[in-house]
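Good morning, and thank you for making time for this item. May I ask you to turn to the sequence and the model on the screen?

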Amino acid sequence: MPSNSIRYSKSMIVIHWLTALAVFGAWLTAEGGRHVVQNPPLLHFSLGLAVLALVVPRLILSLTGGAPTMAAPQGWLARAARIGHGLLYLLLIAVPLTGWYAASRLGVPISFFGLHLPAIAAPVQGRPGLIAEFHENAGTFILILAGLHALMAIWHQFVLRDGTLQRMSPR
């Protein structure tokens, strides 16, 4: 197996898959519009905030050696990989924060698995604004990016045969 097969740390693997499950679960439990005021999607809020909570240790682990180095592709593939990972990390932070902001603007109490959190914006009458619209669209975009991420991992595994899937497999 090529040298790219060095595995991620167990902590990084657990955080990766918990993040993937939380993102998908948050997307599945999403509700839009002002009716969330009458029936707040508490599971959606909790899963979205779990994504945000998982990003911090994920970034720390990445910076402190939880992510192995690998022979990086050159040229446009390398740029595309960096941009894709950068966008995923940006969205893992921005989507939960914009959701928290949108819920705050709607006057909906926010909870994280039963722990009540403060509002980060004042409630308004009418539409909660562009940030709420960004949240709704970015939630779908993060799934598209995650799907492309998975397809690239499969391509690496079965076309390039570089052991990519073993690097992040839970074993």
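What we have here is a predicted model. Its pLDDT averages 88 over the protein, and 93% of the residues score at least 70. Among the elements, strand E2, residues 115–117, has the highest mean pLDDT, at 95, while helix H5, residues 164–167, has the lowest, at 83. Residues 1–5 call for caution: pLDDT stays under 50 there, although the model has eleven contacts beyond four places in sequence for this stretch. Where pLDDT is low, the predicted coordinates should not be read in detail.

Twelve residues form the largest nonpolar core: Ala22, Val23, Val51, Val55, Leu88, Leu91, Leu92, Val95, Ala138, Ile142, Leu143 and Leu145. Two or more residues of this core come from each of helix H1 (10–28), helix H2 (42–63), helix H3 (76–106) and H4. Another core, of nine residues, lies apart from it and includes Phe45, Leu52, Leu106 and Val108. As for alanine 22, its contacts beyond four places in sequence are with Leu47 and Val51.

Finally, the surface. Which residues make the nonpolar patch of about 660 Å²? They are Phe141, Ile144, Leu148, Leu151, Ile154, Phe158 and Leu165. Helix H4, residues 130–160, contributes the most to this patch, with six residues. Leucine 148 is located in helix H4. Its relative accessible area is 46%, so leucine 148 counts as partly exposed.

Notes
Residues are numbered from 1 along each chain as its sequence is written. This is a predicted model: local features need pLDDT of at least 70, side-chain atom pairs count only at pLDDT 80 or more; totals for chains, interfaces and linings use all residues. Side-chain values use heavy atoms; hydrogens and water are left out. Patches are made of residues with over 30% relative accessible area and no salt bridge: like charges are joined within 9 Å, nonpolar side chains (Val, Leu, Ile, Met, Phe, Trp, Tyr) within 5 Å. Accessible areas come from the Shrake-Rupley method with a 1.4 Å probe; for residues, only the protein chains shown count as cover. A salt bridge is a side-chain nitrogen of Lys or Arg within 4 Å of a carboxyl oxygen of Asp or Glu. Helices (H or I, at least four residues) and strands (E, at least two) are DSSP runs, numbered from the N terminus. Buried means under 20% relative accessible area, exposed over 50%, partly exposed in between (1.4 Å probe, protein chains only). A nonpolar core is a set of buried Ala, Val, Leu, Ile, Met, Phe, Trp, Tyr and Cys residues joined through side-chain atoms within 4.5 Å. Contact means heavy atoms within 4.5 Å. pLDDT is the predictor's confidence in each residue, from 0 to 100.
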